[in-house]
Amino acid sequence: MAEKLYFIKTNPVTAKINLYNKLCSEENQVIEFLKEDKKTSLEIIKKKTQENIESLSREELICIFDWFEKTYGADTEKMKTELFVHGIDIFYDISNSLCIKSFSHILSGYEDYLQTKLSFIVNSESFKHFLIYGIFFTGMANSEEKYLFNFLKQDHNVLYSLAEKGYDEKRYGITLQPEMYRYFSDLYDATKFYRGSVIELDYNY
């Protein structure tokens, strides 16, 4: 199966109205993507959507993605547009499986150093700190122009030292694709002024 790593911002107010109404009007279509006790699971998803879409579990969110992918999957841009209309904004994605593996590897190392595990939904400040670490980590392996790397280094000495340690310890156990530095930089640019939560969803379709 193909794999993508989606980065998502949500609009709880839009989801409370549009996604909730869609869930109610298309119950029979949604139910086929739920695993066990389908009717109860659907009611839980509807209730969470109406209260705050960010309370959905990873599994519940994947069910919604499966439903939208089945409906619009032949047209990826249409699917993204429809998700956006219903309160789910896929603002960035990575589709290279080797890059997804590298991203997960870098995240795992970062979590080890912090001795904490980041949830699939994380506040923007914690996400930004990880991205800065990722920019430093991948920038050490990238010899191209690194304006953002050098700019951030001035104000984030602790994260730089952490990334330097991580790179020295782990660079032989990971093959970094050249585009990884750009991915981290793009994500940083897309979220540096954002104050909401960010969802990371590893999705097979």
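In the predicted model of the protein, residues 24 or more positions apart account for 77% of the contacts with a separation of 6 or more, a contact being defined by heavy atoms within 4.5 Å. Because the model is predicted, local features need pLDDT of at least 70 and side-chain atom pairs count only at pLDDT 80 or more, whereas totals for chains, interfaces and linings use all residues. Residues are numbered from 1 along each chain as its sequence is written, and side-chain values use heavy atoms, with hydrogens and water left out.

The secondary structure comprises 10 helices and four strands, where helices (H or I, at least four residues) and strands (E, at least two) are DSSP runs numbered from the N terminus. The order of these elements from the N terminus is β-α-α-α-α-α-β-α-β-α-α-α-α-β. The radius of gyration is 18 Å, close to the 17 Å given by the globule rule for 205 residues, so the protein is as compact as a globular protein of that length; the radius is taken over C-alpha atoms, and the rule is 2.2 Å times the number of residues to the power 0.38. The C-alpha trace spans about 55 × 30 × 30 Å along its principal axes.

Of the 205 residues, 46% are buried; buried denotes under 20% relative accessible area, exposed over 50%, and partly exposed the range in between (1.4 Å probe, protein chains only). The accessible surface comes to about 10700 Å², with 48% belonging to carbon and sulfur atoms, as computed by the Shrake-Rupley method with a 1.4 Å probe. There are 25 positive and 32 negative side chains, and the centres of the two sets lie 1 Å apart. In this count Lys and Arg are positive and Asp and Glu negative, with His and the chain ends not counted; each charge is placed at NZ of Lys, CZ of Arg, CG of Asp or CD of Glu.

Rings of Phe, Tyr and Trp (its six-membered ring) were paired if their centres lie within 6.5 Å, with planes under 30 degrees apart classed as stacked, over 60 as edge-to-face and the rest as tilted. For F137 and Y167, the ring centres are 5.6 Å apart and the planes at 85°, so the pair is edge-to-face. F137 belongs to helix α7 and Y167 to helix α9 (residues 157–170), so this pair ties together parts 30 residues apart in sequence. F137 is buried at 1% relative accessibility, and Y167 is buried at 14%. Ring pairs join a cluster whose members include F7, Y92, F103, Y183 and F184.

Helix α10 (residues 180–191) contains Y188, which is buried at 10% relative accessibility. Beyond residues up to four places away in sequence, Y188 touches K128, L131, I132, I135, L148 and L152. Y188 and G134 are 54 residues apart in sequence, and their C-alpha atoms are 9.7 Å apart in space.

Positive phi values occur at two residues other than glycine, D37 (near 45°) and Q115 (about 55°). D37 is placed in the loop between α2 (27–31) and α3 (38–51) and is exposed, with a relative accessible area of 52%. Q115 is found in the loop between α6 and β3 (121–123) and is likewise exposed, at 74%.
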